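Q: Could you walk me through this one, starting with the pockets and then going on to salt bridges and packing?

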Amino acid sequence: MIDPAALIARAPIETRHQLTAKDSILYALGIGADELTFTYEAKLQALPMMAVILAYPGFFWRDPAYGADWKRLLAGEESVTIHRPLPSEGSFIGRTRFEGVEDKGPDKGAVVLVSRTIEGEDGTPYATDRRTAFLRGDGGCGSAGAAIPRPAAVPTDRVPDEIVTLPTAPNQALVYRLSGDLNPLHIDPEVARSAGFERPILHGLCSYGVAGRAVLRALAGNDAARLTRLDARFSAPVYPGETIETHIWREADGRAQFECWAAERSVRVLTHGTAELT
C-alpha cells in the first residue's frame, strides 16, 4: 500500500526527452490521426495533446518502492495546459511531483494527484500536465497534501453544438504504448483479467488524445496551435476497435465543454471535458 506522506515528500522525478519528428508522428498514429499535418514530416505540426508523453517518467507505479497495487490502477483525470505551441522535435526536461493523496476508504481506493512541468533545455516552459491516478487497491492509506481538483460538469440543459465520431483500431493500444506508456493492462490479457476486464483496454490517455482530435477538428480547423488547455475525467474504459463519439458544447471566450461515448456500448467514457482555444 502507498504511504501518502512519503510519496509527497519524494524529490521530483527528472526526465530528459529527445523528441524526434518520428516520435511526434508515432504519437499521432497512436491516437488514430491520419491527417498529413500530423503524420508527414514535410509539414508536421505537433499535436498539443502530445504533452502527456513529453519527458514522461514511464510507468513508475510498477516499482515496488511506491508500494502501489499497480495492477488495479486506472487513469482518473487529466489536465494539460499548453504555454506555447509544442515543437515536433527538440529536447525537453520533465519534473514530476506528487501533490496530493485522497483516501476514499478501505475497499474504495485512493486518488493521487501528480503534476509534471515540461520545459526546453533552456528553461522555456512548454506545458504543465496534471493528472490523477485512481489506485483501486490502495484505499485506507490515509490522505495527505493538496486537495484533488473538482472539474466542471458539461451542460445538461441543451444538446451539443457539435458531435464528432472517430474510430479506434483493434491494435490501437499496441501502437499507443510505443509512445511510453507500457502498463501491461493494455496489452496482456492475463493482467487485464486480473484487474477485472474481459480483455486489454485502451489507454485512458489514448482516449483523451482522440477527444483532443475531435475538439481540434470541430473548433480549430485542425490548427494545433489554437488548443491551449484540455481537461477530462475518465469514467469508463474504451476497448480497442470501439468508436469514440465526442459531444461538444461551445462556450464563451474560446472555451468549450465535451464528453465522449463508446458508441457501440452507449457508455460514457470521458466526462467533465473542458477545452480552451485561442
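**Pockets, salt bridges and cores**

A: The largest pocket holds about 780 Å³ of space. A pocket here is an open set of points, on a 1 Å grid over the protein atoms alone, where a 1.4 Å probe fits, with protein on both sides within 12 Å along at least five of seven lines, and lining residues have an atom within 4 Å of a point. Grid points are joined across faces, edges and corners, and the volume is the space filled by probe spheres set on the points. The lining has 43 residues, and the closest to the centre of the pocket are Leu-74, Ala-75, Gly-76, Thr-132 and Phe-234. This is a predicted model, in which local features need pLDDT of at least 70 and side-chain atom pairs count only at pLDDT 80 or more, while totals for chains, interfaces and linings use all residues. Residues are numbered from 1 along each chain as its sequence is written, and side-chain values use heavy atoms, with hydrogens and water left out.

Q: Which element gives the most to the lining of the largest pocket?
A: That is E2, with six residues. At least two lining residues each come from strand E2 (73-82), strand E3 (90-105), strand E4 (109-120), strand E5 (125-135), helix H6 (204-219), strand E8 (227-234) and strand E11 (267-277). Helices (H or I, at least four residues) and strands (E, at least two) are DSSP runs numbered from the N terminus.

Q: And how do the residues of that lining divide into nonpolar, polar and charged?
A: There are 24 nonpolar, 10 polar and nine charged residues in the lining of the largest pocket, where Ala, Val, Leu, Ile, Met, Phe, Trp, Tyr, Cys and Pro count as nonpolar, Asp, Glu, Lys and Arg as charged, and the others, Gly among them, as polar.

Q: What about the second largest pocket, which residues lie nearest its centre?
A: Glu-77, Ser-79, Pro-149, Arg-229 and Asp-231 do, out of 15 lining residues, and the space in this second largest pocket is about 240 Å³. Its lining divides into four nonpolar, four polar and seven charged residues.

Q: Changing topic, how many salt bridges are there?
A: The count comes to 19 salt bridges, each being a side-chain nitrogen of Lys or Arg within 4 Å of a carboxyl oxygen of Asp or Glu. In one of them, Glu-77 meets Arg-233 at 2.7 Å, N to O. This pair links distant parts of the chain, with Glu-77 in strand E2 and Arg-233 in strand E8, 156 residues apart.

Q: Is Glu-77 buried or exposed?
A: Glu-77 counts as buried, because its relative accessibility is 15%, whereas Arg-233 is partly exposed with a relative accessible area of 25%. The cut-offs are under 20% relative accessible area for buried, over 50% for exposed and in between for partly exposed, with a 1.4 Å probe and protein chains only.

Q: Which salt bridge partner does Arg-131 have?
A: Arg-131 forms a salt bridge with Glu-78, with the closest N and O atoms 3.2 Å apart. Here strand E5 holds Arg-131 and strand E2 holds Glu-78, 53 residues apart. Arg-131 counts as buried at 14% relative accessibility, and Glu-78 also counts as buried, at 2%.

Q: What about Arg-16 and Glu-121, are they buried or exposed?
A: Both Arg-16 and Glu-121 are exposed, and their side chains meet in a salt bridge at 3.8 Å, N to O.

Q: Which residues have the most contacts inside the largest nonpolar core?
A: Tyr-27, Met-49, Tyr-208, Val-215 and Phe-258 do, in a core of 54 residues. H6 gives the most to this core, with 10 residues. A nonpolar core is a set of buried Ala, Val, Leu, Ile, Met, Phe, Trp, Tyr and Cys residues joined through side-chain atoms within 4.5 Å.

Q: And what is Tyr-27 in contact with?
A: Leaving aside neighbours within four places in sequence, Tyr-27 is in contact (heavy atoms within 4.5 Å) with Leu-47, Met-49, Met-50, Val-52, Ile-53, Tyr-176, Ser-179 and Gly-209.
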